[in-house]
Amino acid sequence: MPPPVYASAGERVWYYGFRILCGAIFLFLIAPLLVIIPLSFNAQPYFTFTPEMLALDPGAYSGRWYRDIIENDQWLHSIRNSFIIGIAATFLATGLGTLAALGLTSPAMPYRRTIMAVLISPMIVPIIITATGMYFFYSSIGLSQTHLGIILAHTALGIPFVIITVTATLAGYDQTLTRAALSLGAPPHVAFFKVTMPIILPGVVSGGLFAFVTSFDEVVVVLFMAGFEERTIPRQMWAGIREQISPTILAVATCLVLVSIALLTAVELLRRRSERMRGLDAA
Amino acid sequence: MSAADAASPDVPPQALKRQLQRANRLARWKALGLVAPLLVFLLISFILPIFSMLTRSVYAPVFSEVLPKVSEAVQTWDGEGLPDEPVFAALAADMTAAHANRTMGRAATRMNYEIPGTRSLFMRSARRVAQLEAPFSESLPTLDARWGSRDTWAAIQRVAQPVTATFYLSAVDRTLDADGTIVLNPEDQRLYVQLFWRTLWVSALVMVLCLALGFPIAYLMAHLSPARANLLMILVLLPFWTSLLVRTTAWIALLQTQGVLNDLFVWFGLVSNDGRIQLIYNQIGTIIAMTHILLPFTVLPLYAVMRGIPPSLTRAALSLGASPAVAFLRVYLPLTAPGIGAGAVLVFILAIGYYITPALVGGRTGQLISNLIAFHMQESLNWGLAAALGALLLAGVLALYWLYDRLVGIDKMRLG
């Protein structure tokens, strides 16, 4: 709300000053993402706005960097890899993680805190330590430079996100609903799939989306474990940033921003649905 | 009144107690059974690999594997003067064998970690040892004077042991001398302690910046209507959901000397075209990009805590005569402490192990400890030292993780 009419001059200065400060911080958060979008349409191979672009000359803009992605086998290959690995890791992490979350939220669970700490640890342990450890281990059992090895590694990295999201959803789940189903004669698996699952599904799906993003964005494990055949999008971007920096990377980055907008929207819609189903929605 | 009174009359209380116990046990095993697959999976695919990698920091049997005879013989040496002829002879025999099956390089590399420069001594001597005559205690020192040095033999005695403290000592810029006392490396070879300090300093700075930037916007959002706050929340969550590499790329585009920000500076006349500021590929670039990437991790817990603070508390303080500043400092700020603590520790934990951003935009001065671990893993191939640095880093992170659990509780962690 704007300051009331009786506010003193100092209060007004404070009010607008604070808004401007917050605006600047939001700008800091969002500007980098916005800047790359027009830059990715640069007709010149530069990372900055040319004078022609600022003059809004249509000739200064082009889709050549996007064509670059589509025509380049390496990029297409890495896009396919990213989706294969990401989807497989998501299903593994979501399945295992949801089961574990069900156990963790059971009131009978022993050593809950310790086990929870272990399950969240892949998010906390510095990625370089995880990557080096996995590199040695998966090499020794012949799984480095294979899709399976990277899928298993990414599953481990995605699990904390599934655990956090699904346990949070289950914490708001009313256990009497399951008991009601059981008392009405439903066998446990029917009660789970017909009553529990539909209610916690939005939480499970957003946990899965988190796991997907984790795998989709992961570069360090891939850097250590993947050969040329298993290169993913982030690995390809990494090579691009380090070796031959070209606006193709900005075009890929723009596409990835669109992907994250889609995912964010999905998670937000799921969150609202979940709150409505659990009766938390005040509105 | 006991529980048995409530039970039906035909069930004796003892049996009921047993049934209850059995039901509880069953529920416990069911819960454990649900967690077990994941726990086993993580144990095998995550914890075991890290643990076995970290053992490389203390266990390095390569020298005694390649040069077994001298490794055994040298243990009888009392450390005074030089070893006897049988030890020299064992060395000569081992080196001949190692040269023949081309394993000398591995042992020589290991030796080089004890005394820099000894790799070439071993490689050259192994090539020529076949031409030497007994007694080797005289012919080896004439080949290279270092074979007549007590320091060399003391080091051989040390590396012959499969368990070693060398890598941890190197990780804190120290070595063992011939007498087995720990000494600081010469000043020009010290690197890691300074790097640990730099990592802590950068992490602390990023943490403070994240709090300083996160607090105002969390405060603003907490005092808006939920609908408008959700709208602003998108601005926080979108970067959170965007690929790290995308954000790092964006900062390169913004900050590089021919980049957008420098162009703006020149356009406004703040700097001349020749005086463009180096904002990236150094520590400044690392700090800016890391702050941007970790900022949502402070905003989210702060916002959650601030939403739960009733506005009536500040109003009560104001009505009781506190000035706005006092009401904020003495009433509001202490109530946000859980959010500040959660955000600060989480950002610090994540910053201290940061790898990607410093590697891409850090240049020389922005490298952190993780980058050195990667360097020793991939380029210098000194895996023992990489493991030792990793173990020290992991110990620090786990201590902070424990603190976070005490302070916030892991089960309170939320994502958006």
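This is a predicted model: local features need pLDDT of at least 70, side-chain atom pairs count only at pLDDT 80 or more; totals for chains, interfaces and linings use all residues.
Two residues count as in contact here if their C-beta atoms, placed from the backbone, lie within 7 Å.

Now for the overall build. Chain B is put together from 21 helices and 2 strands. Its C-alpha atoms fill a box of roughly 95 × 95 × 40 Å along the principal axes. The radius of gyration of chain B comes to 31 Å, whereas a compact globule of 416 residues would have one near 22 Å. As for burial, 40% of the 416 residues in chain B are buried.

For a closer look at burial, go to helix α9 of chain B, which covers residues 150-159. Buried along this helix are B:Thr152, B:Trp153, B:Ala155, B:Ile156, B:Gln157 and B:Val159. So much for who is buried; what does the covering of α9(B) include? Other helices of chain B take part, among them α3 (62-66) and α4 (68-73), along with α6 (104-114) and α7 (118-128).

Next, turn to where the two chains meet. On the chain B side, 71 residues are in contact with 73 residues of chain A. Which helix of chain B gives the most to that side? It's α2, running over residues 13-55, with 19 residues.

Terms used: Residues are numbered from 1 along each chain as its sequence is written. Chains are lettered from A and ligands numbered from 1 in the order in which they are written. Helices (H or I, at least four residues) and strands (E, at least two) are DSSP runs, numbered from the N terminus. A residue is buried if 20 or more other C-beta atoms lie within 10 Å of its own, exposed if 12 or fewer, and partly exposed in between; C-beta atoms are placed from the backbone. The radius of gyration is taken over C-alpha atoms; the globule rule is 2.2 Å times the number of residues to the power 0.38.
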